[in-house]
Amino acid sequence: MPRCEKVSIDVGDLTVERPEGGRVRLADVPGVQVLILLRHRHCLPCHRHLVDVQNAAGEHFPAGLVAIGFSPADRSAAIARHLAWRGDVLSDPSRQLYRRLGIGRAPWWRIYNWGTLALYGRAILKREHLARPVEDTRQLGGDAVMVDGTVTTLWRSVGPDDRPPPHEG
């Protein structure tokens, strides 16, 4: 059952940080943007979701792709480079956007669920490098469509491995 909600949430007055320095108001990010709100910068399900969304979007996607985290902007940008993310990277260290969208924190039993443990277990078996998280691992993520500073479609994750299919919304 799809959980993408049709909403109308004005976020244009909020400011976020750019990796190269400076701040930008979300109202100044023009057009249609797909926002991927990350949990923390070492979140393996988030990394996989970024790659899946980018692959589904293809080269000629009509909207912008924006990864937003609460890590320092330069550190989030380093992860994005590692993943070959073609979209923008912004940082919301105060989590004002997360609060405005109603994306909160989860109890530990939702974070360390079977799906998430299985994903990390498969990564360990493949000998993938896993970095130890240094930020709030209980912060949830989400996906949103923003049009000229207003979020019109929203998916609020209930756990680390809970994301919409890349083509949904």
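Let's start at Tyr112, which is found in the loop between α4 and α5. This is a predicted model.

Now for the aromatic rings. A pair of aromatic rings is described by the distance of the centres and the angle of the planes.

| Pair | Centre to centre | Angle between planes | Type |
|---|---|---|---|
| Phe70 and Tyr98 | 6.0 Å | 80° | edge-to-face |
| Trp108 and Trp109 | 6.0 Å | 85° | edge-to-face |

What does the pair of Phe70 and Tyr98 tie together? Phe70 sits in the loop between β5 (64–69) and α2 (73–82), while Tyr98 belongs to helix α3 (residues 96–100), so this pair links parts that are 28 residues apart in sequence. Phe70 counts as buried because its relative accessibility, 9%, falls under 20%. Tyr98 is buried too, at 1% relative accessibility. Phe70 also has a charged neighbour: Arg95 lies over the face of its ring, 4.0 Å from the ring centre.

Back to the tryptophans: are they buried or exposed? Trp108 has a relative accessible area of 56% and is exposed; Trp109, at 56%, counts as exposed as well.

Definitions and conventions
Residues are numbered from 1 along each chain as its sequence is written. This is a predicted model: local features need pLDDT of at least 70, side-chain atom pairs count only at pLDDT 80 or more; totals for chains, interfaces and linings use all residues. Side-chain values use heavy atoms; hydrogens and water are left out. Rings of Phe, Tyr and Trp (its six-membered ring) pair if their centres lie within 6.5 Å; planes under 30 degrees apart count as stacked, over 60 as edge-to-face and the rest as tilted. Helices (H or I, at least four residues) and strands (E, at least two) are DSSP runs, numbered from the N terminus. Buried means under 20% relative accessible area, exposed over 50%, partly exposed in between (1.4 Å probe, protein chains only). A charge sits over a ring if NZ of Lys or CZ of Arg is within 6 Å of the ring centre and within 35 degrees of the ring normal.
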